[in-house]
Amino acid sequence: MARKGAAWLCACLALFLGYIYAEDDGLECFECADVMDPSDCNFTTTLCNMDSMCSVYQTQLGPRDEMRYVAGCSSKKLCSTIVGMSGNNMCYECCDTPRCNNRLCARTTTQTTPTSTQTTTIKTTPAPTTHASHHFTHRPVVAMTPHMSYHVGSSFSISCRFAGSPTPTTRWYFNGHTTLPSDAHVTHHGGTTYLRISNSKVDDAGIYKCAVMNTVGTASATTELIITGDKPTFIERPPAHLDMITGTGDYSATCRASGSPSPTIHWLFNFPHSMEALSSIHTNHAQTTLHITNPPMDLSGGYITCSYENHYGTISTNVTLTVHQTTTTPSTTTKQPTTLPVGHVHTSPVPLTISLPASLNIQIGSDVIIPCNATGSPTPHITWSQIAGKFPSNVFQNGNSLYISTASPTNSRIYMCTAENSNGNALKLIRLNVQGVSPSITERPVGGNVTHGESVHMVCTASGNPTPTISWSWKSKANGVAIDEASLKFIPGVSLHDSHLTIDNAFELHSGTYACTASNAYGTVTTDATLNVLTAHVHVAPHILVSPLLTSTLYGNDVTIQFNATGYPKPSISCLYNKAALPRNVLMTETQIIVTAATNENSGKYLCNAHNIDGSDTVEFQITVVGMSPSFITKPVTKTVLFGTHSSLTCTATGVPTPNIYWDYRSVSGGTSFPVGTTRSSDNTTLAIKSTQEGGTFLCHAQNVYGKATSQASIYVKTGSLIG
């Protein structure tokens, strides 16, 4: 019975592994690691072993989302195993005549005859006797730029590159929620999904996550979007002092500023607020010019403040007032028309006070009402907001109160109450802490000793608020390999359903420690049980399991390949890369092959062999390293500056690996030396000119091993004033 069970297990694992290796050379096949079309692979060849065929397989993660092909050798057993399997996207084909694989995976395909060395090209599907067509499945991979910065009011797209087979579905999240900003629109093109934001606002800043999933697994990547702006700066300042004559004349002070977003102007007065003094003051419709008509003596000795504010800052300047009894000519008097539009005039601020606790603790799932009590005259208007991003769907304002329905952990954040009236504003922050219950194990899995061929059933339950999720993992007794739940499902005989783990017809392979993990937003707890499957030792030829067989990874990422070899006596394992020693950045342990910071030199075929006195088994797997050519996040902007003033240009780019930034310069007179006083930031993304003397064109270059991008901008130098 033990021998029959071992034979059944070997058969299952052999079907799961797929490869048999032989040392002798066989077919000559074209070999390419990354081509746009199989027909482009026609220069480099390799000699396959006697048990291999020429092959081509397809991957969807190219530097610019185009389809890529990998050509070389695959074992005959793999080619025969994948015949008849179904899929929707990726192509995997084999052929058995010399140099035949550059005509596979295309509308014009190659058919060959086992007894003939001639190759005929026809427009048809490959014959099953000589070709194996398989839409290979693999987990999704995804890539995004981790940080992005755009100016308020700009329009841009956040791109998420992905690949997988079957083709993954995608979903975007903003600050942990599926509700996206109102100005966001999602589109798809090939292996990229784009989130387009038009006329960006300050509230668009936050964390964006791109999640992709298919039947094999899931993957996600995040990026932090920073919305930059410009704090107000004065375009035109009012005079620092106004000399006026009492009871006669019209005087004005103009105050204008720029900024992004456009700042709001406020006029504040510091003088005795008599009816005569207030009635002498008016503003134009835009409130940028303040007029004083027939000034009374009450204004003398006081001052007026012009202030501008937006999300990024506040600026202000004062105008002192002097009113003379005599008819002397004021030093800075400007006559204005006697008929003036009446604008909004702010009197001295009346203090605003807000009553709000600094923090509040609530239970998860509860409904909460937080009032914001504010006093002031006139009665202030109350506005609630949260720090970073918009309210989720269960948070809203009603009157002066903030309502939270069925509080969840994502509602734990800082909220702000703002009180505002015509005299100013005040704000106060409150930190909301949503409290729950961390998981606690209520039923633990039971292990122990079982007899070869028996069934095993383990149960693990837990309590907590919110209800914890249960996941399983396994550490093999034979070699100490740790396997997560996603891989545990593929172990022969193991099935998982929520809190239940079942093993049908247990073998020695199943011996080990089974861990149950319960987790929610407030904690994680783990318990385990050890299972020993008792059976008589019999000599078993080695079988080696490697996962995954095909891996696509981004340049610079780490790659981990898991392997597990069974057999008795315990087999020894050795691995080769393209029939040579492993590269220096590849580390081999008893259960893993780890590639650190993958480069193009790690793309290729790897062979691992397990050997004991009863035989050997070899498995082949492939790693493909891809990257992304540079693209600009921020391009330098053409500008006009005053002669002798400071100027700067900024240029940032993304790519895999991170591109290098460097600059070129062409002056108006044709020179290529940078202006005197030019400095660069440490990362070379910003050029600063202390005193701009001459205009010219600046070229920003972003370059990595996958390409180069260039953007240019000019600085024009003007004498005099920029106004008008």
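A residue counts as partly exposed when its relative accessible area lies between the 20% limit for buried and the 50% limit for exposed. Ile-387 has a relative accessible area of 41%, so this residue is partly exposed. The structure is a predicted model.

Ile-387 sits in the loop that links β30 (381-386) to β31. Together with Leu-427 and Leu-429, Ile-387 makes a nonpolar surface patch of about 260 Å².

Strand β32 (residues 401-404) is joined to strand β28 (residues 368-371) by four bridges, and the two run antiparallel. Strand β31 (residues 395-398) also pairs with β32 in the antiparallel sense, over four bridges. One bridge partner pair is given for each pairing in the table.

| Residue | Bridge partner in β32 |
|---|---|
| Val-368 | Ile-404 |
| Gln-397 | Leu-402 |

What do β31 and β32 form? The two strands form a hairpin with two residues between them. In the turn, Gly-399 has a positive phi of about 65 degrees.

The average pLDDT of the protein chain is 81, and 83% of the residues score at least 70. Over residues 1-24, pLDDT stays under 50, and the model has 52 contacts beyond four places in sequence for that segment. Residues 107-135 also stay under 50 in pLDDT, with 72 contacts beyond four places in sequence. Where pLDDT is low, predicted coordinates should not be read in detail.

Definitions and conventions: Residues numbered from 1 in each chain as written. Predicted model: local features only at pLDDT ≥ 70, side-chain atom pairs only at ≥ 80, totals over all residues. Heavy atoms only, no water. Pairing = 2+ DSSP bridges. Patch = residues over 30% accessible without salt bridge, like charges linked within 9 Å, V, L, I, M, F, W, Y side chains within 5 Å. Areas by Shrake-Rupley, 256 points an atom, 1.4 Å probe, with all protein chains shown as cover. Salt bridge = Lys/Arg side-chain N within 4 Å of Asp/Glu carboxyl O. Buried < 20%, exposed > 50% of the residue type's maximum accessible area, 1.4 Å probe, protein only. pLDDT = per-residue confidence, 0-100. Contact = heavy atoms within 4.5 Å.
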